Amino acid sequence: MNAPRINGDAVLRFAPHARFRFDEVRQAWIVLAPERLLLPDEHAVEILRLIDGARDVDVIIDELAGRFEAPRDVIAGDVLPMLQDLVDKKVLRQ
Amino acid sequence: MTSPMGVNIEPPLALLAELTHRCPLRCPYCSNPLELSRASVELDTETWRRVFGEAAALGVLQVHFSGGEPLVRRDLVDLVADASKVGLYVNLITSGIRLDAERLARLVEGGLEHVQLSLQDSDPVFGDRIAGFAGAQQAKREVAALVCAAGLPLTVNAVVHRQNLRHLENIIDLAVTLGADRLEVAHVQYYGWALANRAALLPSREQLDTATATVEAARDRLAGRLVIDYVVPDYYAHRPKACMGGWGRRFLNITPAGKVLPCHAAETLPGLGFPTVAEASLAEIWYHSPVFARFRGTAWMAEPCRSCERREIDWGGCRCQAFALTGDAARTDPACALSPDHGLLAAARHSAKEAAPDFVHRRHPAVPQRPSERVS
């Protein structure tokens with residue numbers, strides 16, 4: 001495996017041709033990418049809204065742990081696999 | 001929205017816009033209907049512009065420009081810009097023939113987001129032979145380089161079958177060389193022209209298993225560099241594919257002449273009068289057309305689908321395949337092992353063990369064939 005593995009100090013942003021936007025018809029957030037369409041659930045939306053090419057993954061996890069008053073390792077267990085999957089799908093990049 | 005039948009109808013996600021049936025290639029597995037639309041009946045720029053607006057308002061998010069070869073439309077740059085302007089994510093599905101840097105730059109400026117380039121084989125001589133077009137392979141190499149230089153993501157779509165599966169390893173390597181982000185390894189689906197060539201194209205079980213192992217190894221080796229999507233042929237499946245994600249659930253297809261279909265092969269089904277964009281808006285068609293309601297949801301299903309726990313996973317499989325193989329579009333897709341017609345596929349699989357006959361190239365009656373394009 002030579003996929004880039006993300007960890008806490010990774011800074012992620014959306015790939016140039018991925019679009020994360022609000023769809024008025026569905027009243028929902030969507031991710032558009034080449035021949036992919038993702039309809040993230042509300043937890044995923046909370047995570048994706050923090051992807052800005054500036055915060056690193058640790059900061060995002062801290063922020064979500066604070067916001068949901070949840071143990072940090074529980075949040076990390078949700079966030080890391082989801083972000084890794086999106087990196088693997090080339091929707092996000094480091 | 002809920003239909004009179006009580007089916008909850010979601011807005012469609014994507015539109016396949018078949019701009020034309022004209023194409024310089026003559027692939028033996030062409031998925032277009034046997035009867036092609038002529039250039040004179042193609043929708044004009046204005047009509048497409050209106051349709052894109054209706055699609056976006058209806059909730060369509062992505063438009064796939066397809067054909068035939070969309071590049072033969074002289075107004076392609078305008079069409080891309082029109083679709084992009086109303087917020088659609090624009091994908092161009094192309095053979096790449098006759099795309100130069102200048103036109104690509106104008107397409108990108110118009111809002112093109114992604115290119116899907118077809119690839120017939122890794123070997124230039126064999127690739128040109130499949131495409132029925134001398135120089136196709138070289139043109140594709142050049143176009144891939146242009147797409148990458150323009151900063152667009154590139155998907156290579158490699159259609160695989162019994163005559164090129166032995167090159168699969170090289171096809172995957174070529175996709176990497178071409179700079180692809182994604183590779184679709186798509187086994188031929190047997191509709192239209194491809195069904196007529198089934199005996200020449202259907203792989204053996206052994207070939208299929210080797211191909212699957214090759215893809216799995218490549219996925220591992222190339223993780224993070226190349227995403228590989230793999231479409232297994234129905235003929236070796238145990239359960240059918242959820243064709244189009246279910247009839248009238250996710251996709252709209254508009255033919256060159258403006259017919260609105262739930263899938264691009266649906267015109268092969270008899271007795272369904274498909275509406276056109278001239279007769280009604282896309283929203284009226286999506287929510288109210290009887291042909292979109294015909295196989296939507298599960299109420300139309302007979303056994304074994306009706307009581308199957310997978311009925312909302314497979315959606316009964318493919319209506320066009322059910323019709324093509326059994327003569328009844330409302331039967332369970334024979335690709336399903338539970339179908340009483342599943343034996344029909346076994347017969348085709350059995351013949352895949354024998355020597356393959358020659359395939360017959362796609363014919364375009366409207367386009368005179370130039371001697372320079374004849375390759376054998």
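This is a short chat about chain B of a predicted model and its contact with chain A.

Trainee: How many helices and strands are in chain B?

Mentor: Chain B has 14 helices and nine strands. Keep in mind that the model is predicted.

Trainee: What is its radius of gyration, and what would a compact globule have?

Mentor: Chain B has 20 Å. A compact globule with 376 residues would be near 21 Å, so the two agree.

Trainee: And what does the C-alpha trace span along its principal axes?

Mentor: About 55 × 50 × 45 Å for chain B.

Trainee: What share of the residues counts as buried?

Mentor: 50% of the 376 residues of chain B.

Trainee: What about contacts in chain B: what share comes from residues 24 or more positions apart?

Mentor: Take the contacts with a separation of 6 or more. Residues 24 or more positions apart account for 73% of those in chain B.

Trainee: Switching to helices. How are two packed helices described?

Mentor: By the angle between their axes and the distance between the axes.

Trainee: Then what are the values for α1 and α2 of chain B?

Mentor: Helix α1 of chain B covers residues 45–58, and helix α2 of chain B covers residues 76–85. Their axes come within 9 Å and cross at roughly 20°.

Trainee: Are α1(B) and α2(B) roughly parallel or roughly antiparallel, and why?

Mentor: Roughly parallel, because the angle is roughly 20° and angles under 35 degrees count that way. The crossing of α1(B) and α2(B) is right-handed.

Trainee: Which residues make the contact?

Mentor: From α1(B), they are T45(B), W48(B), R49(B) and F52(B). From α2(B), they are D78(B), L79(B), D82(B) and A83(B). By class, the contact of α1(B) with α2(B) has four nonpolar, one polar and three charged residues.

Trainee: Which strands of chain B supply at least two residues each?

Mentor: β3 (89–94) and β4 (112–119) of chain B do, on the side that touches chain A.

Trainee: Last one, T212(B). Where is its place?

Mentor: T212(B) is in helix α9 of chain B, residues 205–221.

Trainee: Why does T212(B) count as partly exposed?

Mentor: Because T212(B) has 15 other C-beta atoms within 10 Å. Buried takes 20 or more, and exposed takes 12 or fewer.

Trainee: What separates the C-alpha atoms of T212(B) and L168(B)?

Mentor: 10.0 Å, with T212(B) and L168(B) 44 residues apart along the chain.

Terms used:
Residues are numbered from 1 along each chain as its sequence is written. Chains are lettered from A and ligands numbered from 1 in the order in which they are written. This is a predicted model: local features need pLDDT of at least 70, side-chain atom pairs count only at pLDDT 80 or more; totals for chains, interfaces and linings use all residues. Helices (H or I, at least four residues) and strands (E, at least two) are DSSP runs, numbered from the N terminus. The radius of gyration is taken over C-alpha atoms; the globule rule is 2.2 Å times the number of residues to the power 0.38. Two residues are in contact if their C-beta atoms, placed from the backbone, lie within 7 Å. Axes are lines fitted to C-alpha atoms, for helices over the stretch in contact, and angles run from 0 to 180 degrees between N-to-C directions. Angles under 35 degrees count as roughly parallel, over 145 as roughly antiparallel, 65 to 115 as roughly perpendicular and the rest as oblique. A crossing is left-handed if the near helix is turned anticlockwise from the far one by less than a right angle, and right-handed if clockwise. Ala, Val, Leu, Ile, Met, Phe, Trp, Tyr, Cys and Pro count as nonpolar, Asp, Glu, Lys and Arg as charged, and the others, Gly among them, as polar.
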